[in-house]
Structure formats: structure tokens, C-alpha cells
Amino acid sequence: MTPRGKSRTAEQFFGEEIGRLRRTRGFSQEELGFQAGIHRTYVSQIERGIKSPTLVVILKLAQALGRPASQLIAEVEKQLKK
């Protein structure tokens, strides 16, 4: 639960996973954006759960992070079930 008593969203869980993997790879948001072909501010918005990326963007992020997109989605699903 968030401080206001609301459940966290799939976008927030996805963003947290992207941020975790980015830091593990030693990438800045700018570097991840460059590798994925998206703007750094969009990476930031995704990581904060503000934006919900399209399938194409999810695939680009997954490739840049060296992970299958299915693994990213599976992690979000696991977090939503808790």
C-alpha cells in the first residue's frame, strides 16, 4: 500500500523493475535512453510510474537491458499478486 492507502500500479512496479535493472547494468537514465532509442525524460517518467510504455518501448527497454520482455512483465505480475 502507498501512504495514501492506494495500491501500487502495474506502471509503478514496471518502473521499479526498469530502474533496478538499469542500476544493475550501471546505466544512467540517459545511457539507457540512448541504448533503447528513447528520450531520457521518458525513461524517468517510466521509472516513476507516470507513463505506461507501449509494447514497442517495452521491447526496446528489454533489449537495452539484456532481458526478455516476458521476464520484465513476469516480474510485474509477481509483484501485483503480493
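This briefing covers the overall fold of a predicted chain and the surroundings of selected residues.

The model is predicted: local features need pLDDT of at least 70, side-chain atom pairs count only at pLDDT 80 or more, and totals for chains, interfaces and linings use all residues. Residues are numbered from 1 along each chain as its sequence is written, and side-chain values use heavy atoms, with hydrogens and water left out. The chain has 5 helices and 0 strands, where helices (H or I, at least four residues) and strands (E, at least two) are DSSP runs numbered from the N terminus.

**Overall fold**

- Read from the N terminus, the order of elements is α-α-α-α-α.
- The radius of gyration of the chain is 12 Å, which agrees with the value near 12 Å for a compact globule of 82 residues. This radius is taken over C-alpha atoms, and the globule rule is 2.2 Å times the number of residues to the power 0.38.
- The C-alpha trace spans about 35 × 25 × 25 Å along its principal axes.
- Of the contacts between residues at least 6 apart in sequence, 57% join residues at least 24 apart; a contact means heavy atoms within 4.5 Å.

**Surface and charge**

- Of the 82 residues in the chain, 35% are buried. Buried means under 20% relative accessible area, exposed means over 50%, and partly exposed lies in between (1.4 Å probe, protein chains only).
- The chain exposes about 5,300 Å², and carbon and sulfur atoms supply 51% of that area. Accessible areas come from the Shrake-Rupley method with a 1.4 Å probe, and for residues only the protein chains shown count as cover.
- There are 15 positive and 8 negative side chains, and the centres of the two sets lie 3 Å apart. Lys and Arg count as positive and Asp and Glu as negative, while His and the chain ends are not counted. The place of a charge is NZ of Lys, CZ of Arg, CG of Asp or CD of Glu.

**Arginine 22 and glutamate 47**

- Arginine 22 lies in helix 1 (residues 10–25), and glutamate 47 lies in helix 3.
- Arginine 22 counts as buried because its relative accessibility is 10%; glutamate 47, at 13%, also counts as buried.
- The side chains of arginine 22 and glutamate 47 make a polar contact of 2.6 Å. A polar contact is a pair of N or O atoms within 3.5 Å; within protein, one must be able to donate a hydrogen and the other to accept it, and residues adjacent in sequence count only if both atoms are side-chain atoms.
- The side chain of glutamate 47 has a polar contact of 2.9 Å with the side chain of glutamine 29.
- Beyond four places in sequence, the contacts of arginine 22 are Phe27, Ser28, Gln29, Leu32, Glu47 and Leu65.
- With the same exclusion of residues up to four places away, glutamate 47 touches residues including Gly15, Glu16, Ile18 and Gly19.

- Isoleucine 46 is placed in helix 3 (residues 40–47) and counts as buried at 1% relative accessibility.
- Outside four places in sequence, isoleucine 46 touches Glu11, Phe14, Gly15, Ile38, Lys51, Pro53, Val57 and Leu61.
- Isoleucine 46 and phenylalanine 13 are 33 residues apart in sequence, with 9.9 Å between their C-alpha atoms.
- Leucine 32 belongs to helix 2 and counts as buried at 0% relative accessibility.
- Leaving aside neighbours within four places in sequence, leucine 32 is in contact with Ile18, Arg22, Phe27, Val43, Leu61, Ala64 and Leu65.
- Leucine 32 and valine 57 are 25 residues apart along the chain, and their C-alpha atoms are separated by 12 Å.

**Partly exposed residues**

- Glutamate 31 is found in helix 2 (residues 29–36) and is partly exposed, with a relative accessible area of 29%.
- The C-alpha atoms of glutamate 31 and alanine 62 are 14 Å apart, across 31 residues of the chain.
- Alanine 10 is in helix 1 and is partly exposed, with a relative accessible area of 31%.
- Leaving aside neighbours within four places in sequence, alanine 10 is in contact with Val76 and Leu80.
- Alanine 10 and glutamate 77 are 67 residues apart in sequence but 7.9 Å apart in space, C-alpha to C-alpha.
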